[in-house]
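Work through the exercises below with the sequence and the structure at hand. Try each task before reading its solution.

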Amino acid sequence: MSTTATVTSPVSEREQLSLHATAVSEEKKPEEEYRYKHLLPHFSEDHYPPLEPFEHVDPAFRALKLANPRAFLDSARSVSEITPHLGTEVRGVNLARLDSSGRDQLALEVARRGLVVFRDQQEFIDNGPDFYLEWGRHFGRLHIHPTSGHPKGYPQLHLVYRDASTSFNFERDDSITTILWHSDVSYELQPPGLTTFFLLTAPPSGGDTLFTSQVAALKKLSSQFVAFLKTLKAVHSGVEQANFSRAGRRGGTVRREPVENVHPVVRKHPVTGEEALYVNRQFTRRIVGLKREESDAILNLLYDHIDKSADVQARAKWEPYTVVLWDNRITAHSANVDFRHLPYARHGARITPQAERPIPALEGLDLSA
Ligand SMILES: [Fe+2]
């Protein structure tokens with residue numbers, strides 16, 4: 001049996017209307033069918049074999065050869081830094097019209113800034129799922145998420161969805177915070193690189209996405225400690241996420257058996273050469289070769305450091321028709337479900353190309369378990 005989510009809710013009619021009124025498409029009447037119904041999460045019973053390794057060629061390398069690798073921003077009305085450490089906000093560039101070279105340049109810009117927020121992208125969002133796939137394939141092989149909902153017929157698109165009565169997200173509702181810093185599906189052998197995400201429906205306020213620079217977070221640590229961290233590798237696991245679904249939550253399907261992979265604690269970006277912390281509370285489980293207490297102490301120190309480092313974080317606030325891109329290799333992010341006590345829906349789609357196997361900052365680090 002497979003299921004597709006429906007936007008049903010026990011909330012009052014007035015609240016339902018309010019919920020519908022928050023859809024990014026503002027022009028529709030309340031009684032109209034949900035405009036993005038075809039993009040609601042569907043949970044098929046398909047089963048996929050393990051992912052095969054592949055060679056990733058980062059499109060940003062091509063942009064490096066250009067005389068002006070930022071030419072795609074020439075037509076922008078505004079380009080402004082969100083923080084000194086990461087994040088740029090762009091107005092006046094239509095992503096849907098970027099040619100191949102423009103997309104290469106975009107990949108380099110995102111690699112350099114970690115996060116780029118594009119406003120006024122109605123054409124991109126309205127182009128629909130076939131376009132999303134074509135877009136994503138420019139940047140790498142599209143990841144099929146093992147457990148999340150996807151639009152029917154488009155398993156390569158990862159959806160987030162919650163409303164007043166339902167959540168199809170990987171969320172912990174028994175925690176005092178909804179903040180959980182992570183790098184997407186870091187348990188894969190070749191985790192994602194440049195990632196595209198947009199909301200189709202948003203609450204009137206809140207539901208921002210939080211980002212942090214794992215490059216800047218690393219730079220804040222002492223050189224002696226960084227030198228030690230570079231010698232370390234850690235296990236990242238998808239087991240807990242799969243068990244969450246196997247317990248009947250988030251649509252209750254596991255379409256690919258969960259994997260664990262070993263990655264360097266400090267990775268190097270293949271294009272910029274920048275070094276970044278690559279551990280996260282959601283998926284990193286232990287440091288290989290250390291005693292349990294040693295591993296826990298170091299990981300908890302790093303998680304606390306990431307949690308507290310608001311001075312290297314940025315916040316993407318969702319305006320209608322915003323498309324956000326980040327480089328999953330050098331940033332971490334968290335949803336912020338500050339509206340969970342309110343009867344609003346939040347519905348988004350992610351296009352998730354995989355990248356290279358993480359490159360250790362310490363050359364020659366043995367990544368066998
Ligand atoms: Fe995420």
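**Exercise 1. Decide whether the radius of gyration agrees with that of a compact globule.**

Solution. Step 1: the radius of gyration is taken over C-alpha atoms, and the globule rule is 2.2 Å times the number of residues to the power 0.38. Step 2: for 369 residues the rule gives a value near 21 Å, and the protein has 20 Å, which agrees. Step 3: along the principal axes, the C-alpha atoms fill a box of roughly 60 × 50 × 40 Å.

This is a predicted model, in which local features need pLDDT of at least 70 and side-chain atom pairs count only at pLDDT 80 or more, while totals for chains, interfaces and linings use all residues. Residue numbers start from 1 along each chain as its sequence is written.

**Exercise 2. Find where the pLDDT is below 50.**

Solution. Step 1: pLDDT is the predictor's confidence in each residue, from 0 to 100. Step 2: the mean for the protein is 91, and 92% of its residues reach 70 or more. Step 3: the pLDDT is below 50 over residues 6–26, a stretch with 39 contacts in the model beyond near neighbours in sequence; two residues are in contact if their C-beta atoms, placed from the backbone, lie within 7 Å. Step 4: where pLDDT is low, the predicted coordinates should not be read in detail.

**Exercise 3. Work out how the buried residues of helix 9 are arranged around its axis.**

Solution. Step 1: helices (H or I, at least four residues) and strands (E, at least two) are DSSP runs, numbered from the N terminus. Helix 9 covers residues 292–308. Step 2: a residue is buried if 20 or more other C-beta atoms lie within 10 Å of its own, exposed if 12 or fewer, and partly exposed in between, with C-beta atoms placed from the backbone. Ile298, Leu299, Leu302 and Ile306 are buried in helix 9. Step 3: these buried residues fall within an arc of 95° (taken from the directions from the helix axis to the C-beta atoms), so they line one face of helix 9. Step 4: exposed residues on the other side of helix 9 include Arg292, Glu293 and Lys308. Step 5: among the elements that cover the buried residues are strand 8 (209–213) and helix 6 (214–219).

**Exercise 4. Repeat the analysis for helix 5 (residues 129–137).**

Solution. Step 1: Tyr132, Trp135 and Gly136 are buried in helix 5. Step 2: they cover an arc of only 90° around the axis, which puts them on the same side of helix 5. Step 3: Asp130 and Glu134 are exposed on the other side. Step 4: the buried residues of helix 5 pack against strand 6 (157–162), strand 7 (194–201) and strand 17 (346–351).

Terms used. The expected span of a helix is 1.5 Å times one less than its number of residues.
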